[in-house]
Amino acid sequence: MKVLFAAIGNVVKGDAKYYAWLAFLSALVVAGLGAYLQQLDKGLITTAMRDQVSWGFYIANFTFLVGVAAAAVLLVIPAYLYNFKPIKEIVLFGEMLAITAVTMCILFIMVDLGQPLMVWHLLPVIGKMNFPASILAWDVIVLNGYLAINALLVIYALYRLSMGKEYKLALVFPLILLSIPWAISIHTVTAFLYNGLSSRPFWNASILAPRFLASAFCSGPALMLIILQLIRRFSKIEIDQKAISKIAELVAYTIGINLFLLGAEVFKEFYSGSIHKAPLEYLYFGLHGNSRLVPWTWMALLFNLTAFVIFLIPKTRENTLTLNIGALLIIVGVYIEKGMGLVVPGFIPDTLGEIYEYWPTMQEVIITVGIWAFGALFYTLMVRFALPIYTGGLIGAGKQRS
Amino acid sequence: MSKKIRNNPLGISMDRRMFLKSAAAGIAAASALPVSAADAFDINAFLQKHFREMTEDEIKKVIGRLEKEASLEWKKDVRISAAKATPGVKFGYGLDLSRCIGCRKCVYACVSENNQSRNPQVHWISVLKFKKGEKWIDLENSEKYYNPKEVPEKDSFYMPVQCQQCEDSPCVKACPTQATWKEPDGIVVIDYNWCIGCRYCMAACPYGARRFNWSKPNVPANELNTETHYLGNRPRYKGVVEKCTFCIQRTRAGKYPACVEVCPVGARKFGNLLDPKSEIRYLIENKRVFRLKEDLNTNPKFYYFFAT
């Protein structure tokens, strides 16, 4: 108990920089909340979404973040299955990132709903969940399940650590094993959410789910790379350079696969040249003079290619500066590609051939920034809570007192 | 063509300055929330059961509450029916492309019959204009916002599209809450009190038939059609999806849909697919019929045909 209180104390206490960071994030969260209350009042007309493009920036961010939640599993596999020590020590931070990402996913869905209060309708038993027909129902199950699994793993690990003990692997091992296919499943189901719609040729391509996984396994670990370095800088935790290199190596493979799959998609659409190439044409060249996403798409491609080169060459992969540049590039690249670049072209042209160019309103941007700030705040507080337990700093103190 | 609909009819926009304003509003609204929420929040509406899970008595009670609410809002008596499907009836629709002149009378008859929002405008029927002599049903080159002095225009033909009432409806499959389903008479309906507004059905619909209430639907009291059906044209809410129901309030009472009745050239046909002597069966069996996007296996009950 003492450890718990001490850990909570650590969340509240900090230097001026820490408070400034919290205040900055809180301000953004409040701004987002304000914009959301206006949206609640006036309706989703405050967004740029319309009947033609009925999903936009919120769902784009949701899709990207489902991918980020992958980071945990990529760390879990070598940590537990191969007992790769350097990564095992940091797996906790990956799991916490997964918790944060899934929480943000749920928030992005909530702000996208026209009737958020009625969300209980999609729960099983008390609501009327359309299971197994609706893939959205599947997504609700797998995302919440993933959240629960990671929360359990983190809580258990922290509990054992706070007692000053290694965690009993036998107890959590089945859960850890389960978390691996489960992480794959959240990506697959989210891909199937789009993939299953015969009305939207851009999504209705078998390559969608593999590409989802490939790109998720680029951006998630890349984000993890940056977070780990930040933790290393701002805390006493020693994160083995070997762990960083291992993750960077994994990213090199996944970017390669992702680019290959993109190439396969581009070839199929443009070579066969059926009318179903229209969305891809919209993305890369513009359609009937509408080209809002074109610069972004090319930027994403350029970023992904550059990151691939950086991660592929051992020298640039091991250099901290170039590694971080590469990580940032791939995060931004995948954010564009798997966010707006995936959601919007599904609706362009719409099912009756109309082109409505979507671009988020300031209202949507503020709400989105608010949710991102909430995620950063949530993660900061979680790490702040876990750090002293993790480093064992509190255990010594607790023992001295008793 | 796409510019027109991009205009925000209510003029709601947010620029950079709004950022600070919204931050301030956030604090203000958050503190005022319990009060204002209590005004708008109705526990009975919140806990209302799914339409198909309610008993007759519960339906009556709910309809009583909804009628009262609507009558208060529009200051006139609004009647909401819950008439059931007639056994042995499955509705089907026929549209004669050789007759349609693109006048959009059906579009506006539908709006006033079914209480669609006037501002922003919600239309359940889209009429597409095609150039004669070019690729047949090249949707991408069709025009939805044509606005000539006179129709039909030379060199053009028209194709109205509305909900195709698919037998194997992608929207029903997609809905995560079973808020939309196919009735025994084949009409795909929505329980507006059960829809959570996730719009997955809109992504799933291959015919662009579903409409979302992006803002509170606006229907002037003197134009409100007070003869309504729970699953059809009763007043809707902000944040829910709606669509053509073959005028369920009329067709279950033995009348034609409004669009069929108003069509000045008789291009629209309607009837019971299960009745071998019906007009719809006659035209399916004797005319050159096709259904839209047949390759998707949605099995529509909406038949396009050429009478001449």
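The tour goes through parts of chain A and then a sheet in chain B.

This is a predicted model, in which local features need pLDDT of at least 70, side-chain atom pairs count only at pLDDT 80 or more, and totals for chains, interfaces and linings use all residues. Residues are numbered from 1 along each chain as its sequence is written, and chains are lettered from A and ligands numbered from 1 in the order in which they are written.

Begin by selecting residues 71–81 of chain A, helix H4, where helices are DSSP runs of H or I with at least four residues and strands are runs of E with at least two, numbered from the N terminus. Among its buried residues are Val73(A), Leu74(A) and Ala79(A); buried means that 20 or more other C-beta atoms, placed from the backbone, lie within 10 Å of the residue's own. Just after H4(A), look for Asn83(A), which takes a positive phi of about 50 degrees.

Next select residues 135–162 and 169–195 of chain A, helices H7 and H8, which pack at an angle of about 150 degrees with their axes 9 Å apart. Angles run from 0 to 180 degrees between N-to-C directions, and axes are lines fitted to C-alpha atoms, for helices over the stretch in contact. H7(A) is therefore roughly antiparallel to H8(A), a term for angles over 145 degrees.

Finally, move to chain B, where an open sheet of four strands has the order E10-E2-E12-E11 with mixed pairing; strands pair if DSSP finds at least two bridges between them. Its edge strands are E10 (268–272) and E11 (288–290) of chain B. Inspect also E2 (residues 91–96) and E12 (residues 302–306) of chain B, which run parallel and are joined by four bridges, and find Gly94(B) opposite Tyr303(B) in E12(B).

Notes: Angles under 35 degrees count as roughly parallel, over 145 as roughly antiparallel, 65 to 115 as roughly perpendicular and the rest as oblique. A residue is buried if 20 or more other C-beta atoms lie within 10 Å of its own, exposed if 12 or fewer, and partly exposed in between; C-beta atoms are placed from the backbone.
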